[in-house]
Structure formats: structure tokens, C-alpha cells
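Have the viewer open as you read.

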Amino acid sequence: MTAPGDAQARAAWLREQLNRYSYRYYVLDDPEVPDAEYDRLFRELQALEAAHPELQTPDSPTQRVGGKPLEAFVPVRHRVPMLSIRTETDTRPSGAAAFDAQIRRELGLSDAAEPVEYHCELKFDGLAIGLRYEQGVLMQAVTRGDGETGEDVTQNIRTIQSLPLRLHGAAPAVLEVRGEAYMSHADFERYNARQRAAGWPTLVNPRNGAAGSIRQLDPNLAAKRPLSFFAYGLGEVQGWDLPATQDALLTALAALGLPVCRERTVARGAAGLIAFHQAIADKRDALPFDIDGVVYKVNRFDWQRQLGFRTREPRWAVAHKFPAQEELTTVEAIEVQVGRTGAITPVARLKPVFVGGVTVTNATLHNADEVARKDVRVGDTVIVRRAGDVIPEVVGVVLERRPADAQPFQMPSSCPVCGSQVIRPEGEAVARCIGGLYCRAQRKEAIRHFASRRAMDIEGLGDKLVDQLIERGLIHDPADLYALDAAALADLERMGVKSATNLVEALTHSKTTTLARFLYSLGIREVGEATARTLERHFGTLEALEAADEARLLQVPDIGPVVAASIHAFFREPHNQEVLTRLRAAGIQWPVLPVQTAADQSLAGKTFVLTGTLASLTRDQASERLRSLGAKVSGSVLKKTDYVVAGHDAGSKLDKARELGVTVLDEAGLLALLER
């Protein structure tokens, strides 16, 4: 039943009024009406929407609170990668000069040229978020995640009162705003005061308060934690003429009703950057929120595009951190932790000390060289610093306070978790447990890697299922996977008979593989997919590889002393051999290929790029066939590319190949090349 016209008009008016009042109160700090009036109109809108649910819209103020708890956050792939900014490690103000010199050099500016103009901003200590507005309405909020994929936290982001649910004025078709969710000092103190009064747990610091609030599965709980937001950049944009500079962009975002930090400026050259860094450092403690540095961005967008990116970081921006906070405490013990990749890390157990808003009881000592360099011993008084945002580290020792009986640290020769040998490859700083297939500390990582798509490709064996199998004691190493039956699997959470049966079938299917995939699945240090294929071509059988000493391994193309030592140590570890024997007994097999000779390298030196879908073989299969003949398979089309293989639905890589004049092959052409 459609709501009457007067109800629709009234609801629209209430939404507009309430959103305007929120903007005046939370963004401009200039309330227009008393709280009681806001509450009265809010209750009226709630009643209208309850009577006519069809009146409820995504931009309604009532959507800022409430909602059912989620079972889990849904992963969302960023349409435009949400990249991080490089950090300048020199925390002195003069560190800005290095960035300015790099920018001038990469732009090709002479010493006589005008200073580069930069936009200077604060580096907020919160949680990076992307907000997607469609036709001006907030539709989705996503965390940074790994930069490629984040989590949908829309319900919780709607609880931030300073964020407009509908942009002001004429809005683009799509506008993805990047920014930081944070908790101010005042809101942090007020929240903790309420918690203490009620006898409930308090938050440790504002940053954890912000991150924890946004990752609450229950939006009602998130709404009780007061958060704020600052916009500082863009992701995907459709239907909007981008301003010419970063400064103009933030001004435009503010005009759309988005909160933008006022502590920003346009500076010229290194001197301007240094002045901004010093000015913010001087007022850091007086700011109403936490920061851990400043950010410099080349102001002109055309120069940003010219400078581009290096790997996953923009060349045109840098985060310049302030010196970390430090405190004194004593070392009560030095122990070692075994990481998921076997890295053995010394850890100082400390007398608890409050550093940078966190009570620190442990601090990393990184590796044996670092312990020796700093000469850290049990009983020492040490300087502890929060390195970056999270990981505390021991900076140095106060030698005049050292006790007479303090003993130097010794790295153990065997793993404290599984007893396997601990080795430290020549030239490496990190010591490692080599019981990768057996060690309990490495168990989850080893099994996840073993089952991954490019390894044994066990479909349906995801991270959460691996966690369950390990926690219930059903598997201890990769070989145990092949002893699982459908009945045991069906008892696990979210499995059921069909899923269990499918997984058993996938395990059976995975038993037929290639030696290269099997070698890669073992997680041998330094052995990636390419090295695994090289070993397969060179040795032909697992037995031949297992029998090879380091001298024999060094005869393999592209394998140096570090890789040879790692392979040799892996196959000499009895625990690994035990698991390998059980894997072979489980029925894992592969075709025995003839040992590759120089005559088989008919495509050596040629670079191929694959795009689109092939009918007779997968991209992985095509890549393996090409590499077996000595070719290189790349993901980018360049002038030096020899061939682009275009399957069905070939995309922009095909256009790029034609533009550069690169030879294009269809599937028939590829097969002819492989078979000649």
C-alpha cells in the first residue's frame, strides 16, 4: 500500500531538515536547533517510516542506528585499488627535503625552476574507509583490507553522525570518497567515563576504539561508540569533472557536505614542507584527535598522473611520521616465537609499561643480529618504542643499569615448538624452523598453501574450514587431509553432507597433479612456481631431487646458493620426509616427464601475454606449456612483448597489443606454436 502524498512529502521534509541539522551540529560545530527539537523531529520520522515502511530511504537519519547484527562482513573488491602511501623513515623535519628532491628529479625540473606546490595534510591515526555515493546517496562503505579487497561495513559507517547520508547539491552519478574513520579525544574520554560508571570494559585508546567500532558485527553496539570521519581522496568517479588540484578537490568535497580536516595547507618546495611538519609537531598534543605524522601530496593532479605509481604506492605522495613515543622498562625474559612461515623471532618479555596509549608487555627483538647489536640481556633496563602503529620494539639498553649477572642471548638450535632443526641461511638475518610440513606453529599456513589454487588446487578447502579441522584435531599436516571422510566433515560447522562429499571428491581429484605443483605446494623456502617448474624440468622425478646435494642443485639454471641450501635442508629434515612419505602413500601422483634438454627450449627468450578465455586449455595450462619451452609469461603488454594470445572476450590487453604492433595469436596459432 502506497503512503499518501502528504506522508511522503512530510517524510522528505523531515529527512532534509534532520540531515541539515546533523551537518550544522557535527561538521560545522554550529547547532541550529536545540537537541530536544532534533529528537522530536527524529521520533516523528521514525513513526512515519514504521507506519509506511516504503518511505524509508538509504539517506534517512533513522538508518544511522539499529539494524540486525551481521553474521560476518561481506568481502568487497575495490573498483579502484585502495593503495597505501609510502612512509618517510627519517622523522626529522628535514626528512621532507628528500621527498621534494625526488619529485623534482622525476618531474625533470631544473634547479632554476619554480618550487613544486604540495598539499599538506595530517596522517590520521584511525581506520581507512571508502564511501560509495550513487546519485548522491551513501550506498556502501568498505574498509581498505589488503588494498584490493575490503569488507562491507556500511551499517556501522552509517552511525557516524558527521557523514552525510546524501550529498549536498548536485552530486556525481558515482563518487567514491576515501578517508579516515577516527575517534576524537573528547568522545573517547566520554565513552570510557560511561563505561566505567556502568562497570563495563573501557577502550584502550582512540585508534583501537575506531577500528573495533567499525568491525562490530552488531551496528547497535557500533552506534554507541562515537566516531568521526575526514575525507582526503577519491576512488571511482563517474559523471564529475575532477578539480585540477588536491586542494581544490578537498574544497569541493567540503561543499558536498563531507567533513574535511581544516589542518591542511598548500606549501611550496622543501622549505614549505618542513615548516608544515614543524608547525603540526608543535601543536600535535593540542589536536582534538590522534595523528602519527603528516602527509605531503603533489598538489597538481596532472603531475600526479605523470609521476604515477611504484608497485602499490603513489610516487606523488609520502607519509612523514613523527618520532615514536618511548618509555623505560626492564626485560624479564627473552623467548623466541615461531611464525607461520617458520621464522624464529626473539621477543623481550617486559615489565608492563604504558607507551603511546598502550600497555606494553612484549617487544620484538627482530632477529639474533639485532639482539647482538643492541646487546639486550635479561634484567636490562631498556628503551621501548612503539614502532609504527602497533608493534613495540626495544630501541636500546641503558648500560649503566645492567645487573652483574646478565647473560647474552643465544638462539636455539632446535625449534621450541616441534624440535626440528633451526637454520640460518648464509646472508639472511632470520633463523627458521625447517619442519614446515610438521611444525605446529606453521601448520595452518602450510595447509592453506598446500591447498591453494596454484598448488594442489583443493576446491572448497577455505581458511575457515582449515581452522576448524586443525582446532578439532582432525588434521596435523597436509597428509592428514587425504584421510578425511565425508562423515567427519559433515559434522563441521556450515558443511553438511553435500559440501562434505564435494570436498572429499576435490581431495581425490587433487591427487592427480604435476611434480611442479606438488613441489610448490610443499612451501619450501625460496621455491615459488617458476623455481618449482625449473626443478621439475631439470630432475624429472621427486626421488632425483631428494637425492641431490647442494652442489648438484647449484647446477640447475637460476638456482643460487641460498635456494640450493633451502631445498637441501628441507629434504634432509626427517619430519618433512615422514609427511612426504605419507603423501605419496595417499596416492598423490603426477606424470613423469622427460628431463628437459636445451633442444626443448624452442621458445627461449620469447615473452607471451595471455588474455581472454581459451577453449582447449586453461590459462594456467597454457602458461605451463609455454614456460616448459623456455618462454616467459607476463601480465603486461609492453613494446618488448613478442606475442599476445587472445582468447574469447579478450580485453584491453588486445587493444594495447594492436596499438604497439605486437603479434597477436588466436588459440589455433598458439597450439601450432606449442606443437611444432
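## Cysteines first

Counting a disulfide as a pair of cysteine sulfur atoms within 2.5 Å, the total here comes to zero disulfides. Cys415 is in no disulfide, with the nearest cysteine sulfur, that of Cys433, 3.7 Å away. Cys120 is in no disulfide either, and its nearest cysteine sulfur, that of Cys261, is 12 Å away. As for cover, buried means under 20% relative accessible area, exposed over 50%, and partly exposed in between (1.4 Å probe, protein chains only). Cys120 counts as buried because its relative accessibility is 0%. Cys415 is buried too, with a relative accessible area of 4%.

A word on ground rules: this is a predicted model, where local features need pLDDT of at least 70, side-chain atom pairs count only at pLDDT 80 or more, and totals for chains, interfaces and linings use all residues. Residues are numbered from 1 along each chain as its sequence is written, and side-chain values use heavy atoms, leaving out hydrogens and water.

## The whole chain

The chain has 676 residues, and 47% of them are buried. Helices (H or I, at least four residues) and strands (E, at least two) are DSSP runs, numbered from the N terminus; there are 24 helices and 24 strands. The C-alpha trace spans about 80 × 75 × 70 Å along its principal axes. Take contact as heavy atoms within 4.5 Å: of the contacts between residues at least 6 apart in sequence, 66% join residues at least 24 apart.

## Positive phi

Most residues other than glycine have a negative phi.

## Helix H22

Which residues of helix H22 (residues 619-628) are buried? They are Asp620, Ala622, Ser623 and Leu626. Seen down the axis of H22, these buried residues fall within an arc of 160° (taken from the directions from the helix axis to the C-beta atoms), so they line one face of the helix. The cover over the buried residues of H22 includes helix H16 (515-521), strand S21 (607-611), strand S22 (632-634) and helix H24 (667-675). After H22 comes Gly630, with a positive phi near 95°.
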